[in-house]
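Biologist: Can you put the structure up? I have some questions about how it is put together.

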Amino acid sequence: AAGLYFVATPIGTARDITLRALDILASADVIAAEDTRNTRKLMDIHGIALGDRQLVSYHDHNGEKVRPKLIAAIEAGKSVAYASDAGTPLVADPGYGLMRGAIEADVLVTSAPGPSAVLAALTVAGLPNDRFTFAGFVPNAKGARRAFLSGIAKSDGTMIVFESPKRIKAMLEDLSDIVEPERQIAVARELTKRFEEVLRGTVSEVQALAEGRTFKGEMVVMLDKAPVGSATDEDVDAALKDALAEHSV
Ligand code: SAM
């Protein structure tokens with residue numbers, strides 16, 4: 001049927017794709033992809049021919065130009081499949097503007113759900129999963145990173161963030177100043193790939209596991225919720241200020 005189909009693709013192992021996702025890639029009138037070569041390769045692996053169908057590049061930099069064409073195609077009765085490079089579209093990946101545009105045009109928007117590094121990581125973290133938050137990529141700049149980490153450290157659920165292996169040690173260093181020594185964390189690396197591993201423990205335990213190693217590939221970092229009743233210096237300052245304000249004459 002005419003509409004916009006968000007297709008989740010593998011995060012490492014090519015066979016991690018649903019049968020329905022393959023059906024959609026095989027039958028969509030137009031295929032839009034963050035990286036057309038990558039999607040082409042995935043289709044080749046699964047024996048899906050492009051034939052005379054259009055394979056369109058769609059990403060953050062050309063979105064504004066390409067979006068109206070894709071929406072017009074849907075309005076003209078075509079089915080458009082959109083796939084990111086890896087994992088679920090829109091999750092720290094392009095596709096938001098396309099989704100908004102399709103909703104505004106009042107056309108069908110649907111998803112072919114599948115892999116995402118967020119849930120794959122949470123599944124093996126060994127941390128509580130009844131309540132969790134995905135907070136995107138950790139900022140690069142030191143000041144912004146520390147502010148970001150202080151913020152997520154106060155969460156009442158497991159926090160999930162993406163971090164580059166180049167900066168993981170600096171991030172752990174910052175975390176060690178910010179969270180209680182007993183706070184549990186997990187670093188999941190290369191999920192579904194050959195060198196998949198999960199480092200679990202307190203920040204200092206994970207730092208010890210990382211000692212002397214240089215990391216490559218892709219990783220997800222997760223942080224257990226703040227202990228119940230924990231208060232940061234800022235919380236204490238704010239409470240003191242409130243109390244003083246109440247009692248002043
Ligand atoms: N939309 C994707 C998803 O749903 O999985 C996420 C895209 S984001 C641009 C890429 C980041 O996801 C990487 O930097 C890494 O943090 C994480 N990631 C992707 N694949 C991964 C894997 N196989 N193992 C660990 N982390 C992965």
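Modeller: What follows is a walk through this predicted model, from the whole chain to single residues.

Biologist: How many helices and strands are there in the protein chain?

Modeller: The chain has nine helices and ten strands. Its C-alpha atoms fill a box of roughly 75 × 50 × 30 Å along the principal axes.

Biologist: And what share of the protein chain counts as buried?

Modeller: Of its 249 residues, 29% count as buried. On contacts, take those between residues at least 6 apart in sequence: 76% of them join residues at least 24 apart.

Biologist: OK, sheets. What is the strand order in the open sheet with parallel pairing?

Modeller: That sheet has five strands, in the order β3-β2-β4-β1-β5. Its edge strands are β3 (54-57) and β5, each pairing on one side only. Neighbouring strands are turned by 25° against each other on average, with direction ignored.

Biologist: Is β1 enclosed or open to the outside?

Modeller: Strand β1 covers residues 3-7, and four of these five residues are buried, so β1 is largely enclosed by the rest of the structure.

Biologist: How many bridges join β1 to β4, and how many join β1 to β5?

Modeller: Five bridges join β1 to β4, and the two run parallel. With β5, also parallel, there are four bridges. For landmarks, V7 stands opposite A83 in β4, and Y5 has T110 in β5 as its bridge partner.

Biologist: And what about β2 and β4?

Modeller: Strand β2, residues 30-33, pairs with β4 in the parallel sense over four bridges. There, V30 is bridged to V80 of β4.

Biologist: Moving on. What is the order of the open sheet with mixed pairing?

Modeller: Five strands again, in the order β6-β7-β10-β8-β9. The edges are β6 and β9 (197-202), each of which pairs on one side only. From one strand to the next, the twist averages 15°.

Biologist: Which pair in there is antiparallel?

Modeller: β8 and β10 pair in the antiparallel sense, over five bridges. A188 stands opposite V220 in β10. A helix packs on this sheet as well: α5 touches β6, β7, β8, β9 and β10, and its direction makes about 55° with that of β10.

Biologist: How do β6 and β7 run?

Modeller: They run parallel, with four bridges joining β6 (residues 132-137) to β7. F137 is placed opposite F162 in β7.

Biologist: Why is β7 largely enclosed?

Modeller: Because five of its six residues are buried. For that count, a residue needs 20 or more other C-beta atoms within 10 Å of its own.

Biologist: Now the packing. Which residues touch the most other members of the largest nonpolar core?

Modeller: A121, V187, V221 and M222, in a core of 31 residues. The elements giving two or more residues to this core are α5 (117-125), β7 (158-163), α7 (168-178), β8 (184-189), α8 (203-210) and β10 (219-223).

Biologist: What does V187 touch?

Modeller: Leaving out residues up to four places away in sequence, V187 touches I168, L199, V206, M219 and V221. There is also a second, separate core of 24 residues, with Y5, A81, A102 and A112 among them.

Biologist: Where do L90 and D106 sit?

Modeller: L90 lies in the loop between β4 (79-83) and α4 (96-104). D106 is in the loop between α4 and β5 (109-112).

Biologist: Why does L90 count as partly exposed, and what about D106?

Modeller: L90 has 17 C-beta neighbours inside 10 Å, so it counts as partly exposed. D106 has 8 other C-beta atoms within 10 Å and is therefore exposed; the limit for exposed is 12 or fewer.

Key:
Residues are numbered from 1 along each chain as its sequence is written. This is a predicted model: local features need pLDDT of at least 70, side-chain atom pairs count only at pLDDT 80 or more; totals for chains, interfaces and linings use all residues. Two strands pair if DSSP finds at least two bridges between them. Axes are lines fitted to C-alpha atoms, for helices over the stretch in contact, and angles run from 0 to 180 degrees between N-to-C directions. A nonpolar core is a set of buried Ala, Val, Leu, Ile, Met, Phe, Trp, Tyr and Cys residues joined through C-beta atoms within 7 Å. Two residues are in contact if their C-beta atoms, placed from the backbone, lie within 7 Å.
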